[in-house]
Amino acid sequence: MWIATITGGTTTLLLSILVNKSIEITSTLNGILAGLVSITAPCAVVEPVGAFVIGVIGGALQYFGSLLLLKLRIDDPLEAAPVHLGKAQNLLGLEPQRPC
């Protein structure tokens, strides 16, 4: 579980550096939360590599979802909606799983 958490935070940190040329602490913390939200449902059935991928996808969805809300001028002061976008990959079945 901690692999997805760290990966989600690191992904949003790197994206904020690449896109905005600055470090955004709130985005990084929300990326950590996005990693936690993303790994919650499948945590019992994924391998560590899968947790890494889930964290990357969750962090990226959070970061770009936050940018989309800003562009659409939708007020979400806590950025709760982008944090929970990581669950979309679980609903669509995009998380890697170990074979049965």
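User: How do you know how confident the predictor was in the protein chain?
Analyst: From pLDDT, a confidence score that runs from 0 to 100. The chain has a mean of 88, and 88% of its residues reach 70 or more. Helix 1 has the highest confidence, at 96, while helix 5 (residues 87-92) has the lowest, at a mean of 70. As a rule, where pLDDT is low, the predicted coordinates should not be read in detail.

User: What makes up the fold, helices or strands?
Analyst: Helices: the protein chain has 5 of them and 0 strands. Read from the N terminus, the order is α-α-α-α-α.

User: Why is A51 called buried?
Analyst: Its relative accessible area is 5%, and buried means under 20%. So A51 counts as buried. You'll find A51 in helix 3, which covers residues 48-71. Across the protein chain, buried residues make up 38% of the 100 residues.

User: How do you know which residues A51 is in contact with?
Analyst: Contact means heavy atoms within 4.5 Å. Leaving aside neighbours within four places in sequence, A51 has contacts with I3, A4, I39 and V46. A4 sits 47 residues from A51 along the chain, yet their C-alpha atoms are separated by 5.0 Å. For the protein chain, take the contacts between residues at least 6 apart in sequence: 68% of them join residues at least 24 apart.

User: What makes Y63 and F64 an edge-to-face pair?
Analyst: A search of the whole structure turns up 1 aromatic pair. Its ring centres, in Y63 and F64, are 5.5 Å apart, and the planes meet at 80°. Pairing needs centres within 6.5 Å, and planes over 60 degrees apart count as edge-to-face. Both values meet their cut-offs, so the pair is edge-to-face.

User: Are those two residues buried or partly exposed, and how do you know?
Analyst: One of each. Y63 has a relative accessible area of 2%, so it is buried. F64 comes in at 45%, which falls between the 20% and 50% limits, so F64 is partly exposed.

User: What makes the nonpolar surface patch, and which helices supply it?
Analyst: The patch is made by L14, I17, I23, I25 and L29, and covers about 490 Å². Helix 1 (2-20) and helix 2 (25-40) each supply at least two of its residues. Take L14, which lies in helix 1: patch residues need over 30% relative accessible area, and L14 has 48%. So L14 clears that cut-off, though it is called partly exposed. As for the surface in general, the protein chain exposes about 6000 Å², with carbon and sulfur atoms supplying 74% of it.

Note on methods. Residues numbered from 1 in each chain as written. Predicted model: local features only at pLDDT ≥ 70, side-chain atom pairs only at ≥ 80, totals over all residues. Heavy atoms only, no water. Patch = residues over 30% accessible without salt bridge, like charges linked within 9 Å, V, L, I, M, F, W, Y side chains within 5 Å. Areas by Shrake-Rupley, 256 points an atom, 1.4 Å probe, with all protein chains shown as cover. Salt bridge = Lys/Arg side-chain N within 4 Å of Asp/Glu carboxyl O. Helix = DSSP H or I, 4+ residues; strand = E, 2+ residues; numbered from the N terminus. Buried < 20%, exposed > 50% of the residue type's maximum accessible area, 1.4 Å probe, protein only. pLDDT = per-residue confidence, 0-100. Phe/Tyr/Trp six-rings, centres within 6.5 Å; stacked < 30°, edge-to-face > 60°.
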